[in-house]
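Subject: Structure handover

Hello,

Here is the structure I said I would pass on. Please look through it first; my notes on what was found follow below.

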Amino acid sequence: VASLCFRQRLVLSTLSRKREKILNIRSKDDNPGLRDFEASFVRLLDKVTNGTRIEINQTGTVLFYQPGLLYGGSVEHECNVQRSIGYYLEALLMLAPFGKTLLRAVLKGVTNDPTDPSVDLLKVTAIPLMKKFGIDGAGLEIKVLKRGMTPAGGGEVLFTCPVRRSMKPVQLTEPGKIKRIRGTAISLQMANRIVDSARSILNKFIPDIYIYTDHMKGASSGKSAGFGLTLVAETVNGTFLGAEVMSTPQGQGDPVLPEDFGRNCAKLLLEEVYRVSITKHTFVSGVDRYVIEFLRHIRDFFQIMFKIEQQKPGEDEQKGGEKVLMTCVGAGYSNISKTIK
């Protein structure tokens with residue numbers, strides 16, 4: 001199983017209560033088996049469940065996973081710094097609503113890196129999407145307690161999520177026009193230069209722009225220096241489109257000026273707006289290989305088939321990327337862990 005499918009299959013296994021065996025994990029690599037960050041991910045799943053059985057062979061190339069009961073509760077986890085907290089948090093976002101009790105997870109590690117969605121991006125895109133499915137209330141929150149850049153991390157994030165009996169069906173067919181742009185710039189010295197360069201592009205399109213500058217200092221700023229920018233465009237219909245750029249660790253990659261950094265992120269956001277699919281997931285771009293793989297795994301675990309249709313734009317529609325309409329009948333999944341009151 002490719003690395004990108006690893007989390008998908010374990011999350012779906014946990015939700016469906018179906019055991020999963022993953023074979024040939026990098027078996028042909030010079031360095032075969034599970035990576036440290038994947039082993040850390042499995043340990044996190046073990047913490048939010050009760051009675052999960054996990055067996056890994058000596059070379060780390062075979063994983064057997066028998067899911068227990070999704071519990072939730074208070075959890076603290078040191079995320080491996082090879083991947084950012086976003087890598088772990090994406091899975092918790094899918095699992096947390098179906099636990100027995102409210103999840104209160106403190107995740108420590110890297111808050112922002114160039115590989116995974118940052119906690120800032122998930123906060124402004126995933127949380128509004130969850131609310132559309134009926135998961136809301138004061139208990140739903142992603143909060144950055146400490147900032148931690150790659151490679152050493154030192155960040156700390158609090159994620160709390162209430163439990164729900166079931167999800168509301170949703171129709172996300174009309175994204176609507178962009179009404180405002182918000183963002184977060186992370187840097188002690190260069191935040192203003194990053195913000196000004198991003199605005200120099202975005203101001204041509206829309207006046208309602210506010211980019212917050214995050215100046216965490218001392219112990220709250222983590223163990224590594226770095227900078228980043230997260231932007232999100234909100235539509236009149238409550239769809240959120242995100243883009244972000246994060247600096248590479250010191251000494252890696254070509255140096256980038258803060259001005260180029262801000263402009264690059266603004267252009268990425270405009271690209272995202274251009275190609276937004278009609279059933280756009282706010283933190284998954286279009287129907288790419290990753291999405292298609294996920295749809296296949298959903299079919300394997302829940303026997304749900306998605307119908308995918310290419311949409312022809314109407315004459316009155318604004319020009320943009322090609323649109324795809326995805327429809328399915330849900331599995332009627334309900335939370336078996338939640339106590340009925």
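Strand E13, residues 240–246, is mostly covered, with 7 of its 7 residues buried. Keep in mind while reading that this is a predicted model. The cover on E13 is on both faces: Phe240, Gly242, Glu244 and Met246 are buried on one side, and Leu241, Ala243 and Val245 are buried on the other.

The partner of E13 is strand E12, residues 228–235; the two run antiparallel and are joined by 7 bridges.

Is threonine 248 buried, partly exposed or exposed? Its relative accessibility is 38%, so threonine 248 counts as partly exposed. Apart from neighbours within four places in sequence, threonine 248 is in contact with Pro114 and Gly253. Threonine 115 is 133 residues away from threonine 248 along the chain, yet their C-alpha atoms are separated by 9.5 Å.

**The chain as a whole**

The protein chain has 7 helices and 15 strands. Its radius of gyration is 20 Å, close to the 20 Å that the globule rule gives for 341 residues, so the chain is as compact as a globular protein of that length. The C-alpha trace spans about 55 × 50 × 45 Å along its principal axes.

Of the 341 residues, 49% count as buried. The accessible surface comes to about 17,100 Å², and carbon and sulfur atoms account for 51% of that surface. Among contacts with a separation of 6 or more, 74% are between residues 24 or more positions apart.

The chain is divided into three parts: domain 1 (1–70), domain 2 (178–277) and domain 3 (289–328). The centres of domain 1 and domain 2, taken over C-alpha atoms, are separated by 34 Å.

**Helix H1 and what follows it**

Threonine 14 belongs to helix H1, residues 3–16. With a relative accessible area of 2%, threonine 14 is buried, because the cut-off for that label is under 20%. Which backbone atom does the side chain of threonine 14 reach? The side chain of threonine 14 reaches the backbone oxygen of leucine 10, at 2.7 Å. Beyond its neighbours within four places in sequence, threonine 14 is in contact with Leu45, Thr49, Tyr65, Pro67, Leu70 and Leu95.

Arginine 17 lies in the loop between H1 and strand E1 (20–22). Arginine 17 is not a glycine, although it has a positive phi of about 65°. At 39% relative accessibility, it counts as partly exposed.

Leucine 69 is in contact with arginine 17, and also with Val48, Thr49, Asn50 and Ser337, again leaving aside neighbours within four places in sequence. Leucine 69 is part of strand E5, residues 69–70, and counts as partly exposed at 31% relative accessibility. Threonine 49, listed above as a contact of threonine 14, is 20 residues from leucine 69 in sequence, with a C-alpha to C-alpha distance of 5.3 Å.

**Backbone points to check by eye**

- Asparagine 24 has a positive phi of about 50° and is not a glycine. Asparagine 24 lies in the loop between E1 and helix H2 (36–48). Its relative accessible area is 54%, so asparagine 24 is exposed.
- The peptide bond from threonine 150 to proline 151 is cis, with omega near 10°. Proline 151 is in the loop between strand E8 (141–146) and strand E9 (155–161).

Regards

Note on methods:
Residues are numbered from 1 along each chain as its sequence is written. This is a predicted model: local features need pLDDT of at least 70, side-chain atom pairs count only at pLDDT 80 or more; totals for chains, interfaces and linings use all residues. Side-chain values use heavy atoms; hydrogens and water are left out. Domain bounds come from an automatic or database domain assignment. Buried means under 20% relative accessible area, exposed over 50%, partly exposed in between (1.4 Å probe, protein chains only). Helices (H or I, at least four residues) and strands (E, at least two) are DSSP runs, numbered from the N terminus. Two strands pair if DSSP finds at least two bridges between them. Contact means heavy atoms within 4.5 Å. The radius of gyration is taken over C-alpha atoms; the globule rule is 2.2 Å times the number of residues to the power 0.38. Accessible areas come from the Shrake-Rupley method with a 1.4 Å probe; for residues, only the protein chains shown count as cover. A polar contact is a pair of N or O atoms within 3.5 Å; within protein, one must be able to donate a hydrogen and the other to accept it, and residues adjacent in sequence count only if both atoms are side-chain atoms.
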